[in-house]
Amino acid sequence: MFIPHTDVERQEMLKIIGKKDLSELFNVIPEEFRFPDLDIPHALSEMEAQQQFSNLAGANNACDEMTCFLGAGAYNHYVPAAVDFLLHRGDFFTAYTPYQPEISQGTLQAIFEFQSLIANLTGMEIANASHYDGATAAAEACISAYHHFRGKRPKLVLSPNLNPQYLETIHTYFGMLDESKLVVPEDQMAFSDPNKLADLIDSETALVLVQYPDFLGNIYDLTAITTKAHEQGALVAVSVNPIALGLLKPPADFGVDFVVGEGQPLGIPMSFGGPYLGFFATRKELVRKISGRIVGETVDGTGKRGYVLTLTAREQHIRRDKATSNICTNQGLMTLAATIYMSLLGKSGMREVAELCYHKAHYAAQQIAELKGYKLVTQQPFFNEFVIECPKNVSVINQHMLEHGLIGGFDLEKVNPKLKNQMLIAVTEMNSREEIDLLLDLLEEALHD
């Protein structure tokens, strides 16, 4: 660690504040807690620290070194070189929350462009910025609905086919609210139509939250569930895969109220779990119920175009004790990456990536269905993820594939014991036909391993 102050400078500072040595600064702490014995390893030199981090990194299985068929919320997509090139500009690295518009025009414009692109992608009227990830965005949709009804509708109906991490995050957010009712139908089969949730909606329901495509990759028409919820006066939120929206019907066409999702597929590497980006879009009349930041475009006194931080109505630094959210970070760098990615690809490029994912996934599913001992469980239309039933434990099969340079699918038994020996496989534009054929060979070999 580099500490810039000399001993002489430290003594001068202590003299000014009336202290003889540094230990006097800690006198307000009870003596028994003042200097605890901590099991801290000895300091390393810069060279030694660099080597230790390199060794840790080398133990990981990275997608640029191995073939990957693992998805379940984070996906291995191609990131155009221009994304990293532009992100590496120092002014983007140092930008933080743009409280002062006169010196934050670049940051504000980037956020404004991101909002516009997300609104176009989802078909919604308003989009914001600065959610940590897809799980946070989903939880914030629940909070928006809860406060929209001022707590008078405490019930939240959650699809059992939501990403399990999203469900855990929502339970964490609402765990201290005794009056809230989180309804997740555990008795439903994992491959259930979200429209079956209609029977759970009543006059106490604030929100129905579903996923599109769902965690198991299935695609359902959400018109019926949206209609039922609105008939009962409830709101509807949909968590989406943004790449899928390059091909699928946009959620706005179902008449939903909130569209949320994980922005990682939009030019952000998997990065062993983060940092990621949550996006959030809604209808105009609900704009004051959402968290995050909304940037607006205007003109200055001379008529020149400019950008301002238009709305941060729910946050702690604006409303203090009346705040209903505490999204006080700025995911500006991740937002910029997604903005550059969507701008580079455009509408036709997004569709092309989605079509590649779709067709390659369906080729893989068709071929696996013909393998002896394996069964294609997914029967519903799907995008780029599907479920297969394996003849032995998924962890055993994945270990065999790992030994041959391939990262297999997600073991669904980890999130639902009823899904024993079932694997969720994700295919993206990054997987060549040769790699898919290698997956088939290794699945077959695993039978005899």
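## Salt bridges

K155 is buried, at 11% relative accessibility (buried is under 20% relative accessible area, exposed over 50%, partly exposed in between, with a 1.4 Å probe and protein chains only). K155 forms a salt bridge with D202, with the closest N and O atoms 3.0 Å apart. A salt bridge here is a side-chain nitrogen of Lys or Arg within 4 Å of a carboxyl oxygen of Asp or Glu. The pair links distant parts of the chain, 47 residues apart: K155 sits in strand β3 (residues 155-158), D202 in the loop between β4 (181-183) and β5 (205-212). Strands are DSSP runs of E with at least two residues, helices runs of H or I with at least four, numbered from the N terminus. D202 is partly exposed at 28%.

This is a predicted model, in which local features need pLDDT of at least 70, side-chain atom pairs count only at pLDDT 80 or more, and totals for chains, interfaces and linings use all residues. Residues are numbered from 1 along each chain as its sequence is written, and side-chain values use heavy atoms, leaving out hydrogens and water.

K181 and E204 form one, with the closest N and O atoms 2.9 Å apart. K181 lies in strand β4, E204 in the loop between β4 and β5, 23 residues apart. K181 is partly exposed at 38%, and E204 is partly exposed at 33%.

R283 and D257 meet in a salt bridge at 2.5 Å, N to O. R283 is in the loop between β8 (278-282) and β9 (294-299); D257 is in the loop between β6 (235-240) and β7 (258-262). D257 is buried at 1%, whereas R283 is partly exposed at 22%. D257, R283 and E285 are linked in a network of salt bridges.

## Aromatic pairs

Seven aromatic pairs are counted (ring centres of Phe, Tyr and Trp, its six-membered ring, within 6.5 Å; planes under 30 degrees apart are stacked, over 60 edge-to-face, the rest tilted). Y146 and F174 are edge-to-face, 5.9 Å centre to centre, with 75 degrees between the planes. Y146 belongs to helix α7 (residues 134-148), F174 to helix α8 (residues 164-174), 28 residues apart. Y146 is buried at 8%; F174 is buried at 4%.

F382 and F386 have ring centres 5.5 Å apart and planes at 50 degrees, so the pair is tilted. Both F382 and F386 are buried.
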